[in-house]
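This report looks at charged side-chain pairs and at one residue of interest. Please have the sequence and the model open while reading.

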Amino acid sequence: MKYCVLIMDGAAGWPLKERGDKTTLELARTPNLDAFTREGMLGMTNNVPLGMEPSSAVAGMSLLGYDPEVYYKGRAAIEAVSMGIPIKRGEAVFRCNLVTLKRGCMCSYSSGHIESEESQQLITALNEHLGSDTIQFYPGVGYRHILKIKGHMETTQAICTPPHDISGKAVAKYLPKGRGSRLLNSLMSNSQDVLKHQPVNYKRVARGQMPATSVWLFWGSGPIPKTPSFKEVYQLSAALTSGVDLLRGLGMMMSMDILDIAGVTDNMTNNFAGQADGALKALADRDMVVVHVEAPDESGHAGNADEKIAAIEKIDSEIVSRIRSYKGELCLLVMPDHPTPVAICTHVAEPVPFLMWGPGFEPNKAQRFTESEAKQTDVFIHKGHNIMSRFIGGH
């Protein structure tokens with residue numbers, strides 16, 4: 001038996017009043033998902049334990065079958081693992097977004113979704129001007145980067161707010177607070193002086209694009225504790241494909257193989273068809289493949305309902321269709337990790353729909369892969385990290 005897990009990041013959401021009180025999943029045309037739904041088991045699960053942040057790190061860890069209350073020690077360290085950044089005792093790492101601040105407000109949590117080539121030039125400049133034996137900036141993907149600090153572990157106790165939670169808001173009251181915050185605020189302030197003189201930003205403004213005016217530091221953490229491999233826990237060999245460092249980092253924590261597939265990105269430029277083909281090809285010598293698609297989440301953060309619907313439809317037409325054509329015995333698990341409602345442009349800690357299809361999963365009369373139909377099935381997995389055992393053992 002082969003297994004495929006499709007993570008439609010942030011695809012769930014809230015009803016949109018201006019769209020007939022329908023969610024983006026309900027509005028999207030998804031004939032392939034709907035066919036799987038009619039033949040499989042639809043239900044709801046909760047991936048975010050009570051009191052934990054509704055991040056993709058927490059929710060993704062649950063979805064992959066690991067209890068975040070046991071294994072989650074901070075998101076930045078997971079991304080650092082994916083980027084090959086060593087973290088030793090006494091070192092802290094932070095997610096370092098390039099953002100656009102305008103008149104004291106968070107104009108863009110992503111500097112207008114700045115591309116990697118330009119952002120890496122800016123991170124290099126920041127490292128040249130602000131880096132030292134104790135401070136180092138590491139370039140990542142797009143607007144997402146990492147800052148490592150040596151000898152100031154108190155910084156991990158600072159209260160930080162993710163920039164995508166405060167889009168359009170005045171940032172003054174959301175700056176890092178409490179113990180360890182002074183150094184973080186100093187670096188964020190000093191970054192503004194460096195960035196305003198960078199040629200990359202001059203060129204972006206000339207093209208009518210948003211300049212990266214500051215870094216924003218959050219999700220601080222120390223080293224990752226040892227995590228048992230997926231093979232050790234579930235007795236299956238697994239591979240993962242994703243366009244973001246976080247999911248690749250989670251896969252590496254679990255000793256999964258990370259697939260290098262051309263054109264896999266974090267947005268609508270993603271090579272959806274190529275990602276599906278590469279993932280299914282990997283099943284030739286693995287038991288399971290995990291396909292993570294970031295595009296719906298990015299559209300949700302941007303508050304763009306039309307783009308989120310288009311992302312869901314792309315997943316259906318170019319990924320789910322290929323899974324449906326797979327030759328051989330296959331079990332499929334499809335689900336978002338968390339909702340990203342376009343109305344608030346950020347994540348919420350609410351249950352999400354899931355679909356299990358394949359031998360052993362009996363239909364439960366659901367017709368479409370939507371939040372409302374999943375709720376009507378009365379199938380609910382209260383602790384999301386149990387879903388993987390249910391999926392593997394269900395056939």
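Is Asn-201 buried or exposed?

## Asn-201

The structure discussed here is a predicted model. In this model Asn-201 has a relative accessibility of 4%. The cut-off for a buried residue is under 20% relative accessible area, so Asn-201 counts as buried.

Asn-201 is part of helix 8, which covers residues 199-206. Leaving aside residues up to four places away in sequence, Asn-201 is in contact with Leu-122, Leu-195, Pro-211 and Ala-212.

## Salt bridges in the model

Side chains of opposite charge can pair when their charged atoms come close. The model contains 18 salt bridges. Some of them are described below.

## Arg-29 with Glu-313

Arg-29 has 62% relative accessibility and counts as exposed, whereas Glu-313 has a relative accessible area of 16% and is buried.

## Arg-324 with Glu-39

Arg-324 and Glu-39 also meet through their side chains in a salt bridge, at 2.6 Å from N to O. Because Arg-324 belongs to helix 13 and Glu-39 to helix 2, the pair ties together parts that are 285 residues apart in sequence.

Arg-324 is partly exposed, at 31% relative accessible area. Glu-39 is partly exposed as well, at 35%.

## Glu-91 with Lys-148

A salt bridge between strands is formed by the side chains of Glu-91 and Lys-148, with 3.6 Å between N and O. Glu-91 is in strand 3 (residues 91-102) and Lys-148 is in strand 6 (residues 144-150). The pair links distant parts of the chain, with the two residues 57 apart.

Glu-91 has 7% relative accessibility, so this residue counts as buried. Lys-148, at 6% relative accessibility, also counts as buried.

Terms used: Residues numbered from 1 in each chain as written. Predicted model: local features only at pLDDT ≥ 70, side-chain atom pairs only at ≥ 80, totals over all residues. Heavy atoms only, no water. Salt bridge = Lys/Arg side-chain N within 4 Å of Asp/Glu carboxyl O. Buried < 20%, exposed > 50% of the residue type's maximum accessible area, 1.4 Å probe, protein only. Helix = DSSP H or I, 4+ residues; strand = E, 2+ residues; numbered from the N terminus. Contact = heavy atoms within 4.5 Å.
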